[in-house]
Amino acid sequence: MPRLVNLPADYARLGKLQRISRHYWAFPQLRQFAYRFRLAKSFTRIEASGIGRSIETYSAFTKLFLTYTAYEQLIPSATRLRVTGVSPINTNVIYNKQLTKRIRANTTLKNYFLNSQLEGWLKKRLQHMYNETDDDIICFAYAIRSLYAHGELTSTDIGTGLARERKVITDTADEILNYCDTIFSKCMDKL
């Protein structure tokens with residue numbers, strides 16, 4: 001049987017705990033999270049001939065999109081299990097000062113976000129991040145996820161043409177995956 005790669009570090013505990021835990025409701029959600037996590041962690045790029053350099057931007061968006069779907073699967077279970085430091089999905093934050101500094105450097109993307117059709121509460125969180133009143137990266141990830149999933153975010157004129165501008169997107173995805181791996185382990189401790 002092939003070894004499963006890119007699953008959360010404590011994934012093996014999930015099956016063992018399922019036999020003894022009273023939190024039976026959590027196992028389907030946590031298993032679904034683990035497989036979303038695996039896909040996001042394993043994803044490298046989109047392959048499409050004739051697209052040009054914009055495929056790199058779409059690859060970065062896709063990695064962050066897949067990462068966010070894993071994150072949004074995990075947080076409700078972590079909240080219900082009362083994992084310390086985890087809030088409901090609309091208020092949970094992941095702080096990273098160095099990443100937000102790099103995110104803020106892309107003023108073209110900032111202007112795009114703040115002039116888009118994002119929900120008011122999300123624009124307010126983005127404004128706080130861009131105004132340097134907090135260093136939350138999850139609002140940035142959710143903005144990309146929402147606009148990309150709804151077909152509003154494309155690779156043109158948003159300040160993602162350079163490799164370093166795309167790298168901040170994939171680095172944000174990697175940071176969220178690291179956070180999720182830690183929270184998943186804390187969920188295992190609560191089971």
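User: Hi! What are the ground rules here?
Analyst: The model is predicted, so local features need pLDDT of at least 70 and side-chain atom pairs count only at pLDDT 80 or more, while totals for chains, interfaces and linings use all residues. Residues are numbered from 1 along each chain as its sequence is written, and side-chain values use heavy atoms, with hydrogens and water left out.

User: Thanks! At what angle do α6 and α7 cross?
Analyst: Helix α6 (residues 120–130) and helix α7 (residues 138–149) cross at roughly 135°, and their axes come within 9 Å. Helices are DSSP runs of H or I with at least four residues. Axes are lines fitted to C-alpha atoms over the stretch in contact, with angles from 0 to 180 degrees between N-to-C directions.

User: Which residues of α6 and α7 meet?
Analyst: From α6, Trp121, Leu122, Arg125, Leu126, Met129 and Tyr130 meet Ile138, Cys139, Phe140, Tyr142 and Ala143 of α7. Contact here means heavy atoms within 4.5 Å.

User: New topic: how many aromatic pairs are there?
Analyst: The structure holds 12. Rings of Phe, Tyr and Trp (its six-membered ring) pair if their centres lie within 6.5 Å; planes under 30 degrees apart are stacked, over 60 edge-to-face, and the rest tilted.

User: Nice. How are the rings of Phe113 and Phe140 arranged?
Analyst: Their centres are 5.9 Å apart and their planes at 70°, so the pair is edge-to-face.

User: And is Phe113 buried or exposed?
Analyst: Phe113 is buried, with a relative accessible area of 0%. Buried means under 20% relative accessible area, exposed over 50%, and partly exposed in between (1.4 Å probe, protein chains only).

Conventions
Helix = DSSP H or I, 4+ residues; strand = E, 2+ residues; numbered from the N terminus.
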